[in-house]
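Please keep the display open while working through the numbered points.

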Amino acid sequence: MNGFFDIPSDLQNTYSGLIGLHLREALLPVLAGLLLALPVAQLCVRFRWLYPPVLGVTTVFYAIPSLAVFVVLIDYTGQTELTVMIPLAVYSLVVLVPAIVDGVRSVPQETLAAATAMGFGPVRRYLQVQLPIAVPAILAGLRVATASSISLVSVGALIGNQGALGNLLADAQKYDRPELAVNSVVTTAVLAILCDAALVLARTLLTPWMPRGTRRRGRNGTTPPAEQPAATEAAR
Amino acid sequence: MNVLNFVNAFFSDSAHWHGYDGIPQRLSEHVQYTLLALVLAAAIGLPVGLLTGHTGRGGNAVAFIATAARALPSFGLLVLIAVVVGIGLLPVMIPLVVLAVPPILVTTYEAVRSVDPAPVDAARGLGMHETRILFRVELPVALPLVLSGLRSAAIQVVSTATIAAYVSLGGLGRYIIDGLYQRDYEKVVGGATLVALLALVTLALFWAAGRFAVSPGVRRR
């Protein structure tokens with residue numbers, strides 16, 4: 001394709017610069033969402049009654065279209081990256097809280113009792129027992145959050161060139177160059193798939209006790225809920 | 001400068017309540033896009049999810065399709081298809097369906113697969129046909145989870161259908177896009193409020209559907 005990588009000069013960025021910007025705008029919010037979600041989820045695990053209202057409120061947040069949040073935030077944070085990143089962090093939070101709560105709750109009582117019997121305090125028990133066992137569930141949530149975050153950054157193009165690779169979409173229309181739109185979609189999708197692969201790799205590295213490779217689970221092999229992407233998917 | 005003031009101003013302006021740009025018109029357009037996209041996505045995701053879940057085969061393929069579909073940016077797809085085929089319903093429907101298929105497909109697959117094997121074996125021992133096992137034994141037990149997959153897809157579609165306005169179609173996104181270009185925050189906030197309300201109504205509908213359709217024996221667990 002001719003001019004596939006010819007980035008229009010109005011973006012004031014190179015192709016690789018746009019990729020870096022896109023990754024930063026997408027991944028920092030996921031990280032922020034994770035850091036916020038851990039304490040919120042822990043509160044929900046500790047105080048059970050808190051979970052349904054938290055889930056309800058976050059679902060409503062999730063339903064507010066990102067573009068609307070961008071536009072309203074412009075008044076406070078201007079046409080900056082921050083305006084794009086704040087709603088993305090909130091969306092990540094919404095996806096991650098149920099994932100972490102389900103993961104931490106799926107830790108068997110015997111395991112917790114054993115840890116307590118070994119003299120683990122609550123903090124150490126949380127960090128060394130509950131969190132590691134919840135890793136598959138947390139990473140399932142992170143995969144969903146990362147994919148949606150990478151996809152949503154593009155919408156930032158609508159509030160004035162804050163969409164990194166999404167800005168190519170606006171230019172594709174402006175200059176009638178469809179190849180720029182192809183470039184944007186393909187690059188974004190490849191980024192999402194690479195990040196997803198990295199998270200799958202991270203899960204394998206973080207859970208060395210799990211069987212490696214493609215797991216063949218029989219129908220009657222009970223899968224711990226932590227591994228079911230459905231639990232995360234459904235909670236959104 | 002208060003979001004609530006904007007909401008109040010938007011809803012009390014009678015100009016927003018009638019005509020081609022009125023709330024009833026935009027709301028019905030939005031509901032139409034959402035329903036069409038959901039029906040299309042369910043027509044793809046439900047049969048494939050039920051079949052793969054029932055046979056227990058193709059789990060990797062399901063995961064792969066879901067990952068690939070999630071990786072595609074909705075907004076990028078919208079603009080790309082709009083640039084290539086022109087303005088119409090197609091550029092809106094494809095991203096929305098791509099968005100809605102993964103939750104429906106993955107959840108349905110997992111739901112059917114994680115059904116307790118004992119009743120399924122019992123049904124098979126009774127001589128039930130595989131199709132009947134799927135629809136009379138597995139589906140009723142899996143229904144709560146299947147519905148939750150549909151629900152999360154519906155919420156996402158309701159929220160994302162706003163992008164239809166970017167390619168000159170209607171829907172509640174009209175208020176958000178027009179408000180953005182007119183620097184009319186009242187409109188933006190009003191549109192966002194309507195979308196959030198629609199999402200709440202969707203949640204309520206799925207809750208009611210769950211009460212109505214899920215067998216009491218399954219619900220009690």
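1. Leaving aside its neighbours within four places in sequence, with which residues is I138(A) in contact? They are A99(A), I100(A) and G103(A), two residues being in contact if their C-beta atoms, placed from the backbone, lie within 7 Å. I138(A) itself belongs to helix α6 of chain A; helices (H or I, at least four residues) and strands (E, at least two) are DSSP runs, numbered from the N terminus. I138(A) counts as buried because it has 25 C-beta neighbours inside 10 Å. The cut-offs are as follows: a residue is buried if 20 or more other C-beta atoms lie within 10 Å of its own, exposed if 12 or fewer, and partly exposed in between, with C-beta atoms placed from the backbone. From C-alpha to C-alpha, I138(A) and A197(A) are 15 Å apart in space and 59 residues apart in sequence.

2. A word on conventions and confidence is needed here. This is a predicted model, in which local features need pLDDT of at least 70 and side-chain atom pairs count only at pLDDT 80 or more, while totals for chains, interfaces and linings use all residues. Residues are numbered from 1 along each chain as its sequence is written, and chains are lettered from A and ligands numbered from 1 in the order in which they are written. The pLDDT is the predictor's confidence in each residue, from 0 to 100. Chain B has a mean pLDDT of 88, and 98% of its residues reach 70 or more. For the complex, the predictor gives an ipTM of 0.82 and a pTM of 0.85. Where pLDDT is low, the predicted coordinates should not be read in detail.

3. Chain B contains ten helices and zero strands. Its C-alpha atoms fill a box of roughly 65 × 40 × 30 Å, taken along the principal axes. Of its 221 residues, 50% count as buried. Among contacts in chain B between residues at least 6 apart in sequence, 73% join residues at least 24 apart.

4. The contact between the chains takes 39 residues from chain A and 45 residues from chain B. On the side of chain B that touches chain A, the elements giving two or more residues are α3 (59-71), α4 (74-85), α5 (90-113), α7, α8 (173-182) and α9. Of these, α9(B) gives the most, with ten residues. By class, this side of chain B has 28 nonpolar, 14 polar and three charged residues. Here Ala, Val, Leu, Ile, Met, Phe, Trp, Tyr, Cys and Pro count as nonpolar, Asp, Glu, Lys and Arg as charged, and the others, Gly among them, as polar.

5. Within α2(A), the residues T58(A), T59(A), Y62(A) and A63(A) are buried. Seen down the axis of α2(A), these buried residues fall within an arc of 140°, so they line one face of the helix; the arc is that of the directions from the helix axis to the C-beta atoms. An α-helix has 3.6 residues a turn, so residues three or four places apart point the same way. The face of α2(A) turned away from its buried side carries the exposed residues P53(A), G56(A) and V57(A). What covers the buried residues of α2(A) includes α4 (81-105) of chain A together with α7 (130-160) and α9 (185-213) of chain B.

6. Which residues touch the most other members of the largest nonpolar core? Of its 132 residues, these are I100(A), L78(B), A100(B), V157(B), I176(B), V188(B) and V195(B). A nonpolar core is a set of buried Ala, Val, Leu, Ile, Met, Phe, Trp, Tyr and Cys residues joined through C-beta atoms within 7 Å. Leaving aside its neighbours within four places in sequence, A100(B) is in contact with residues including A37(B), L38(B) and V157(B).

7. Two residues other than glycine have a positive phi. For A164(A), phi is near 50°, and for R183(B) the value is about 55°. A164(A) is found in the loop between α6 (122-153) and α7 (167-174) of chain A, whereas R183(B) is found in the loop between α8 and α9 of chain B. A164(A) is buried, with 30 other C-beta atoms within 10 Å, while R183(B) counts as exposed, with 10 C-beta neighbours inside 10 Å.
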